[in-house]
Amino acid sequence: MYFPSYRMRRLRQSEQIRNLVRETDLLPDRLIYPMFVTHGENKRIEMESMPGCYQQSINHLVEEAREVRELGIPGVLLFGIPAEKDDAGTSAYDEEGIIQMAIAALKEEVPELIVITDVCLCEYTSHGHCGIVKDGDVDNDMTLEMLAKTALSHAEAGADIIAPSDMMDGRVAAIRTSLDNEGFINTPIMSYAAKFASAYYGPFREAAESTPEFGDRRSYQMDCRNSDEAVREVLLDIEEGADMVMVKPALPYLDIIYRVKQETKFPLAAYSVSGEYAMIKAAAAKGWLDEKSVVLETMTAIRRAGADTIITYHAKDVASWLK
Ligand code: PBG
Ligand code: ZN
């Protein structure tokens, strides 16, 4: 049937009819809010390129985490900024490290909030790479042991979900084995499975103080020209035991989100990264874009592409707009 007997506009004529046939929902319980925790008391420093996001000490972290929970956001993704860095990133698995203390405080004060922890070494190594550097490059197999130890220390501190972001080969299996051996059989792994070497991480590296001192991350993170490889990365992580897989960044990689969902049908998180946030914030501050409409449209697009969960610095705003 064609025009004039068939008209697409019939189902667009009112808000109620449009809602009745919408294909994609955006709800606060799909969102994860990333947070940065640092040593000290009463510290709360706003990031210049990430307005509204802070490096903060545990007391402020807990305060904001309560607010996150009250907005109906189920979980946070934690990044730690250690007091000291060394070649091997040993403070990443320090029992009294910043992240371990933050996890314990959150589980104590806001127990119903899901605490997801980013497992990587770049915030903890003096050179800023995501693993142990040998002969000018990150040594894959030496790094695995450190990652497994770090993941285990997070679980011991009370982390609900472990999220390895380093992109070493074999890390999901190494982490699963170390968690299982110590009895953490029910701690899920959300792997940063298709993580691209992206210029969109710029603002984050300022916030997490994790810019590599030399070179870049292209010998371990993915090449933005590849899509088949992203599917292979994801399938390998699934075989190694990942419970959820992640695509990162989100907006410039909607095709990857779509493909990974179609080809794996696995629970999929998309990480809308710092640079995506910074672009919208900057344009909105200039009055060039309407922040609320653009953010809601962007989040809906990420869900429509196939993401079950969205990790975003806009989470608090989105949740309050949806209320
Ligand atoms: C650490 C890590 C990074 C991000 C999350 N975990 C940075 C990187 O790989 O350089 C980026 C997050 C963002 O930009 O919001 N490996
Ligand atoms: Zn890293």
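Q: Which protein atoms are the donors of the zinc ion (ligand 2)?
A: In this predicted model, the protein donors are the SG atoms of Cys120, Cys122 and Cys130. They lie 2.2 to 2.3 Å from the zinc ion.

Q: What spacing do the donors of the zinc ion follow along the chain?
A: The spacing is C-x1-C-x7-C.

Q: Why is the arrangement around the zinc ion called tetrahedral?
A: Start with the general idea: four tetrahedral donors have ideal angles of 109.5 degrees at a metal. Here the zinc ion has 4 donor atoms, and the angles they subtend are 99 to 119°, so the arrangement is tetrahedral.

Q: Turning to ligand 1, which residues come nearest?
A: There are 18 residues around ligand 1, and the nearest are Lys195, Arg205, Lys248, Ser274 and Tyr313. By class, the shell consists of 10 nonpolar, 3 polar and 5 charged residues.

Q: Which side chains have an N or O atom at 2.7 Å or 2.8 Å from an oxygen atom of ligand 1?
A: For Lys195 the distance from a side-chain N or O atom to an oxygen atom of ligand 1 is 2.7 Å. For Arg217 the corresponding distance, again to an oxygen atom of the ligand, is 2.8 Å. A nitrogen atom of ligand 1 is also 3.2 Å from a side-chain N or O atom of Ser165.

Q: How much of the accessible area of ligand 1 does the protein cover?
A: On its own, ligand 1 has 410 Å² of accessible area, and the protein covers 100% of it. The space that ligand 1 takes is the largest cavity.

Definitions and conventions. Residues are numbered from 1 along each chain as its sequence is written. Chains are lettered from A and ligands numbered from 1 in the order in which they are written. This is a predicted model: local features need pLDDT of at least 70, side-chain atom pairs count only at pLDDT 80 or more; totals for chains, interfaces and linings use all residues. Side-chain values use heavy atoms; hydrogens and water are left out. A residue is near a molecule or strand if one of its heavy atoms lies within 4 Å of it. A polar contact is a pair of N or O atoms within 3.5 Å; within protein, one must be able to donate a hydrogen and the other to accept it, and residues adjacent in sequence count only if both atoms are side-chain atoms. Accessible areas come from the Shrake-Rupley method with a 1.4 Å probe; for residues, only the protein chains shown count as cover. On a 1 Å grid over the protein atoms alone, a cavity is a set of points where a 1.4 Å probe fits but cannot get out, and a pocket is an open set with protein on both sides within 12 Å along at least five of seven lines; lining residues have an atom within 4 Å of a point. A molecule sits in a cavity or pocket if more than half of its atoms lie within 2 Å of its grid points. Ala, Val, Leu, Ile, Met, Phe, Trp, Tyr, Cys and Pro count as nonpolar, Asp, Glu, Lys and Arg as charged, and the others, Gly among them, as polar. Donors are N, O and S atoms within 2.8 Å of the metal (3.2 Å for Na, K and Ca); water is not among the atoms, so sites may look incomplete. Four donors count as tetrahedral if all angles lie between 85 and 135 degrees; four count as square planar and six as octahedral if opposite donors are over 155 degrees apart and all others between 65 and 115; anything else is irregular.
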